[in-house]
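Thanks for making the time this morning. I would like to go through one model with you, beginning with a single side-chain pair and then widening out to the chain.

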Amino acid sequence: MSEPTYKAGKQPHANEYRLIFRNIDREGWDTSIDTYLNEGGYGELKKALGMEPGQVTNEVKASGLRGRGGAGFPTGVKWTFIPPNNTKPVYLICNADESEPGTFKDRYILHQDPHQLLEGLIIACFAVGAHLAYIYIREEFPEAAQIVEKAISEAKAKGFLGKDIQGSGFDLEVYVHRGAGAYICGEETGLIESLEGKRPYPRIKPPYFPAAMGLYMCPTIVNNVETLCHVKHIVKMGGEEYAKLGTPRNTGTRILCVSGDVRKPGYFEVEVGKITMGQLINDMCGGLKEGRKIKAVIPGGSSAKVLRGDEKYTIGKGDDAKELSLLEIPMDFDTLMACGSMAGSGGVIVIDDSRSISWVLNNINNFYAHESCGQCTPCREGSLWMKKISDRIVAGTASPEDVDTLDSVARNIDGRTICAFGEACSWPTESFVAKFRDELTADTKADLSGTLLNPESKLAAAHLKSQQEAQKTEAKPVAV
Amino acid sequence: MPPAATDEKKPTAETPAVPMVNVQIDGQWYQFPKGTRMIEACRQVGKDVPHYCYHPKLTSPGNCRMCLVEMGMPPRLAPGQEPEKDGEGHQPIQWIPRPAIACANTVAENMGIRTDSELTRGCRHGVMELLLINHPLDCPICDQAGECRLQEFSVEHGTGGSRFREQKVKKPKNVDIGPRIRLDDERCIMCSRCVRFTDEIADDPVLGFTERGSHTVLAVHPGHELANNYSLNTVDICPVGALTSNDFRFQMRVWFLKETKSICTDCGRGCNTLIGSREGRVYRQTPRENNDVNSAWMCDHGRLNFHYLDSELRLSAPLVKDEGVHKESTWPKAIQRAATALKAHGGSEIAVVVSSRMTNEELFMAKRLIDTLGAEHVATVPRAGEPDAYLIAADKNPNTQGARLILGLEGDLAAGLDSVRRGVADGRIKAVVTLQEDLLTPEAGFDAQTLDGLEALVVLHLLANPTAQMASVVLPGAGFAEKRGSMINVTGRLQRLNKATEPFGQSLDDWEILRDLIQAIGGGNGIYLIEDVFKQLAAGVEEFEGLTLSKIGDLGVPLIETGETVPLLERERERIAKGQIVG
């Protein structure tokens, strides 16, 4: 294996640790299996096939790998949720429905390194005993679907898929399933419904935990693209060695996608928790634009709670407690959670002082109102209501009370829905109101309190008024 | 019945032991079988949890979120840690800040449920407000008003106001989705009960949702319509006014309807019903739950088959034929005329055709008439049809079992009828009494020419029909909604009809007509009330021994074994056993 060289202008930053993205933007790299094999590709698969499936799972557990799709749940633990007395077929689904605004890491893996994903996926299937796997690719990635399809046929031709893989006796078929064009298809039970050919209405949990009752009511493991890629590297390094990457409980590397008001937005693979928000924004992304100050950062995809630029965050308890500024926050799961947000899907959205907070919130609310599946009441009705209120805040037709209503609607959604979309759509509003109430209120008008807003009610009120006036003028004494 | 903490269920050979779990509901401890849904546990102890999407006969998608309640579990113990228990053996409850849906979750050991806490109330306020922001609030012109869950729960669990200041979402209205049903998408709260019913019960999954979020609409699949014979059940289970019945919409405000528990007489199933009537007119029939007969459903055909009660053909007074012309008469004169005509014949010359659509009480009186006349020819009109895989029975008569039992008919009923037809045709039979049967229908199979040769033809019926046209005396009887009485369905269950309206015009309850006719022919019989009829029936027919009309109850009693099963109930039991539905 040669040390990779990268295309001009695409060289990784010195702070990066390229594990998953080793081959992204590489000079002379293509998606063919030969290129992959030249670099020792599928070597880890061969290694894994020589192990016991349970041993692979144990390595993944030991690695401390946490899911890279958004929830950050320990991957190895998830794999052990398949009921031990199960007699049904087990399925594995790769969630390639990358849809969270601000997140654009999986697409590069799909487009430029499909065999890495396949290798990780085949190892994972071997570990959990799945003989059928699906790669659910979002509808908006048509090219990725073709690339992955081609990779699957290449892998099959070389005996890495199909019957008796590499003489191990292990069989596996993988199919690409094109997504249905909705954000909610990325929610794992919504995805399963969609894969079954139905509307992607998320299922209630309990009882429908995928590991027990997933695809076709069979045990199903759903893992993110990046997560499955990590499995390959865990097998290569061994779980314990892998766990030395990153920080304790926040192991390995992860890809951060930076967008918004920085000079050089992009993707950066870093050891989890080893770099701070400040290093990411100022060193790796070239800092803010000329003369701008940082106003806020949404650290884990658009559904993560916003962090204020000038806020102090207290981390730890008692004697260990320390105060951090936004730029001092290390980018790991636990610290971001302690700061009141989340690492989520790794989409870091930077907002500078040129942005109107009302506009930013409205933009997010627009997205979630458009993507709410409409199955359960709070999210269906609340997401559009929040959008309509923030529409008016932006338009200057809201009153200060509307900000309170906005917050209260979000709290009537949060924690009361079937799936995590409820939190995804309400957390932005809750956090923006909590942290930028002044700015939102400044965009409202106090003299609009209690006035009629929509054309229908204005019309109805005008009609009532004219009737009342007509009655007054017509009113005459009535003879008894 | 609320399961008391002391209530011990002893397992028997048939019912395997279901372990009981201790559950605290609003501070009180109870025991429930493991697997009980939280919502059902609460209901059993008198703590109703409001809900829209949950229906015990359907799967639970948990989508309306109205049944969210505060829930708690015992604290998670460290390895080796002994649980802390109070004097009654209960552990403390750790309340969970995230509310849980009561419809799909089952109770667990040491679970706590709060149906009236601040969190629970807050959830209900929130969901109610959200459900109404885009709802048209057109209650004054909505057929569901008065029996609308949105109205009911607004009163009980709403805040009485709304903070919504935006424009509502516009959706399709007055959508024709099938021959009997209309859809108002703006009223729909997307509970999916109708979608699940058509899929899970009626095997006709033509309904679904399109669009997303607040713009979601219920629709029928392109090229299809909601036309199956069980479609109107979706109107019943729609908790709001989204689905309305073409037959009933705009006919009557529901709060004016008097509800009478009865049964459907459209086939031998005897689906339990509620008849909705006002001032002598029936406006609708809806199914009434009976888990031994029809679950919670009925077919559209049976449900809508009541309009003949106000048909133009309805007979309003007794008729007597003089010189070939029917004239309105009085009851005493008409009865006398019929008695005289029949008394002129010996028993071997008289045939009585009895309907298996009559109640047991009417059949008993018919039997009395047959005995009084000494009539040697007795037949019923069998109606065999196609059964379906749900509720419709092959027997289209509602009381064939009663007719066999009370009239003592055995063997092939068609052969019995054929023998009467032949007797009339060859002139051996000179007088015919037909009770609630038109003899000139294809099922009865008589022809006008042979009936014309009769010396006496007495017709008791509720409609003017070709046989009545030929009759010397026409006695107007009552329809199914106009009488009390009992019938035996195809599975052998004895069930009760109740009187929703008075008989039309001067027409009388059939048993009273028969009583008067018997009296005119053979003298007093001491029967004044329908209870008297039933008493004599119970004394005379072995199977009825010890029963009274009131003992039958609203849900009926099993009377005889017929070996028939109900396909829909069999499927329902399978689903209950699999835990898919509560049942």
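The side chains of A:His233 and A:Gln116 are joined by a polar contact of 2.7 Å, a polar contact being a pair of N or O atoms within 3.5 Å in which, within protein, one must be able to donate a hydrogen and the other to accept it, while residues adjacent in sequence count only if both atoms are side-chain atoms. This is a predicted model, so local features need pLDDT of at least 70 and side-chain atom pairs count only at pLDDT 80 or more, whereas totals for chains, interfaces and linings use all residues. Side-chain values use heavy atoms, with hydrogens and water left out, residues are numbered from 1 along each chain as its sequence is written, and chains are lettered from A and ligands numbered from 1 in the order in which they are written.

Staying with A:His233, this residue sits in helix 9, residues 225-237 of chain A, where helices are DSSP runs of H or I with at least four residues, strands are runs of E with at least two, and both are numbered from the N terminus. A:His233 counts as buried because its relative accessibility is 7%, buried meaning under 20% relative accessible area with a 1.4 Å probe and protein chains only. Beyond its neighbours within four places in sequence, A:His233 is in contact, meaning heavy atoms within 4.5 Å, with A:Leu19, A:Ile20, A:Gln116 and A:Gly238.

Turning to the whole chain, 58% of the 480 residues in chain A are buried, and its secondary structure comes to 17 helices and 13 strands.

Key
Buried means under 20% relative accessible area, exposed over 50%, partly exposed in between (1.4 Å probe, protein chains only).
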